Amino acid sequence: MMQPQQRFDTVLIANRGEIALRVVRACREMGLKAVVVCSEADRDSAYARSADQSICIGPSTVSKSYLNQNAILLAARLTGAGAVHPGYGFLSENTRFSAAVEGAGLTFIGPDADAIATMGDKIAAKSAMVAAGVPCVPGPDTELPSEPSAIWAIAAEIGYPVIVKAAGGGGGRGMRVVLDEADLLEAVSLTREEARKAFGTPALYMEKFLQHPRHIEIQVLCDTHGNAVWLGHRDCSMQRRHQKVVEEAPAPGISDTLIGPVGAACVKACQQIGYRGVGTFEFLYEDGAFYFIEMNTRLQVEHPVTEETSGVDIVQQQLRVAQGEVLSMAQGDVTCNGHAIECRINAEDPATFMPSAGLITALELPVGEGIRVDTHVEAGYKVSPYYDSLIAKLIVHGRDRADAMQRTRAALASFKLEGIATNLPLLRELFDDGAFAKGETDIHYLEKWLKTRVAA
Amino acid sequence: MTKPDLSDPAIIERLTAALEAAGVDGIEITRRDQSLLIRLLGAANGPVRQLRSEKANAAGAVSIVKAPMAGEFWPSDLSRTGVPAVSAANDTVGFLRVGPILLPVVAGPAKRLRRHLVEPGTIVGFGDPIAEIEPEA
């Protein structure tokens, strides 16, 4: 159902940290008032106080604060907010929250509950993508049957290795790779039981398992008047345990001729499902072919690299679309220039990856042409053990990839953060790696590189 | 079994919705550390929910009453003209208002209000100090 859009002058930000601050900045630039909700752990943070109003809604535990839908809606009512921006994570892809916000007469800055539900169900999403001509991983866009003979037949048709996935899964959970027929039924049985427990539905599906893919994303932006554009592509293959560490735009070595039709198909899919707001189509890319894996119906952590190359302020565009404005650009107006790289700076031990909480005693951020740092921390900030370890994003734009890599090396070298452990030493080392510098590494590269590094 | 936090807005909302659905006009839950009173009242502007929760305070000197949820602080019940702001023992030290919800905040057993720490109409967050209380003489 398409919610009639309404104007608003106050936005409640149902999130924390750097993304809360990012949305505050966009609101301020557009003349909107920003209200930040926070937990007890965040109430004294400078970033929370930088909003027009901040309000503590509960204890530090996320279930009682950032995931507490009722407390957030009460805060919206209390502060007179007309819209809720969910940021990423927390409630950003929660269908019930999207519906509850709109049920309360407020604007949810994101897609409606139906679109989130469709794209959250992997089988429904794949079906919608096939219908729009988006290339998908070989395998039926239907739920896996229970009869062993039918399961064997599907796997044989796809060809081993295959991957069995939970329809309600995501983030690397609820999936199992099967190398040959002998292991198939046991893998299906185990994954089905995991899916039932973890995602509330035992529904599974099966796909071809790609062995050396890259992770490529396409950013889309849609208004409520049927207009949609794609803003270029990103490569997010540098991952550890399915968590992205470095992202870049554009994806190296992929020509416009090759990816153009895929971007156009993504736009068509959005128009077919009546999608509104920003979204990201995620693909695996191997041997010159793209395979759709899922759509994220929210702002992505890595959206700044697309902002830097396209020149489009994605958060401002989200706010404009939510106000019911018509997109100010057509596809022909979108041009991407240069190359951008984002490094996620995490409060974690660079060797063990254990989270590192505590007081930041000194902070000096890199500055210079093409350098942007999105962060909510400062000297004297206390990193809480309650939340995600992401404390800053270093975004660097250069005239081409080599230039962006060189500027990133310099920025990482001058990035000074003391008092807690961070992954800065790891990032500095990674940017000196020859294969990464060359580009086009696959999603397994970082894990292998880390093992080699430990062994050396 | 985990004990629910009776000051959690989600719990209060859920209980209120259940009462409304069942056509019941109130419920009082009392246990050693917390108590909660929800009363559904008719009003000119539609149904008004009047809620009360309290946390027992340890006996001793001056202590602080903190807001159990975010709300607009008022020292007296705005829906009842002439109700005194200052409490007697175990009475309200003020109210938190969010739309139609009015949550009385009480001093606790054998306690009395010493002074308010926020001005009337101030928006307070969860855990913000709103009053000082002291043992009854």
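This is a predicted model: local features need pLDDT of at least 70, side-chain atom pairs count only at pLDDT 80 or more; totals for chains, interfaces and linings use all residues.
1. **The main core.** The largest nonpolar core holds 125 residues. Within this core, A75(A), V220(A) and C266(A) touch the most other members. Helix α9 of chain A (residues 256–273) supplies the largest share, eight residues. In soluble globular proteins, nonpolar side chains tend to be buried together.

2. **A75(A) in detail.** Neighbours within four places in sequence are set aside here. A75(A) then contacts L12(A), V37(A), I55(A) and I57(A) in chain A, plus A70(B) in chain B.

3. **A second core.** A separate core of 30 residues is also present. Its members include L390(A), I395(A), A421(A) and L427(A).

4. **The eight-stranded sheet of chain A.** This is an open sheet with antiparallel pairing. The strand order is β13-β12-β9-β10-β11-β14-β19-β17. β13 (289–296) and β17 (371–375) of chain A form the edges, and each pairs on one side only. From one strand to the next, the twist averages 25 degrees.

5. β17(A) and β19 of chain A (residues 390–398) run antiparallel and are joined by five bridges. R372(A) stands opposite I395(A) of β19(A). I395(A) is also one of the residues of the second core.

6. **A helix on the sheet.** Helix α15 of chain A (residues 445–455) lies across β10 (228–240) and β11 (243–249) of chain A. Helix α15 runs at about 25 degrees to β10(A).

7. **Helix α11 of chain A.** This helix spans residues 314–322. Its buried residues are V315(A), Q317(A), Q318(A), L319(A), V321(A) and A322(A). Two glutamines, Q317(A) and Q318(A), are therefore worth noting in that list, given that burial is counted from 20 or more other C-beta atoms within 10 Å. The cover over the buried residues includes α1 (17–29), β4 (83–85), β5 (107–108), β9 (214–222) and β12 (277–286) of chain A. After α11(A) comes G324(A), with a positive phi near 90 degrees.

8. **Make-up of chain B.** Chain B has one helix and 10 strands. Along the sequence, the pattern is α-β-β-β-β-β-β-β-β-β-β. Of its 137 residues, 31% count as buried. Take the contacts in chain B between residues at least 6 apart in sequence: 50% of them join residues at least 24 apart.

9. **A three-stranded sheet in chain B.** The order is β4-β10-β8, in an open sheet with antiparallel pairing. β4 (63–66) and β8 (111–116) of chain B are at the edges with a single partner strand each, so one side of each has no neighbour in the sheet. Neighbouring strands are turned by 40 degrees against each other on average, direction ignored. Five bridges join β8(B) to the antiparallel β10 of chain B (residues 129–135). In this pairing, R112(B) stands opposite E134(B) of β10(B).

10. **Where the chains meet.** Contact involves 14 residues of chain B and 14 residues of chain A. On the chain B side, α1 (9–22) and β5 (71–74) are the elements that give two or more residues. α1(B) gives the most, with three residues. By class, the chain B side has six nonpolar, four polar and four charged residues.

Note on methods:
Residues are numbered from 1 along each chain as its sequence is written. Chains are lettered from A and ligands numbered from 1 in the order in which they are written. A nonpolar core is a set of buried Ala, Val, Leu, Ile, Met, Phe, Trp, Tyr and Cys residues joined through C-beta atoms within 7 Å. A residue is buried if 20 or more other C-beta atoms lie within 10 Å of its own, exposed if 12 or fewer, and partly exposed in between; C-beta atoms are placed from the backbone. Helices (H or I, at least four residues) and strands (E, at least two) are DSSP runs, numbered from the N terminus. Two residues are in contact if their C-beta atoms, placed from the backbone, lie within 7 Å. Two strands pair if DSSP finds at least two bridges between them. Axes are lines fitted to C-alpha atoms, for helices over the stretch in contact, and angles run from 0 to 180 degrees between N-to-C directions. Ala, Val, Leu, Ile, Met, Phe, Trp, Tyr, Cys and Pro count as nonpolar, Asp, Glu, Lys and Arg as charged, and the others, Gly among them, as polar.
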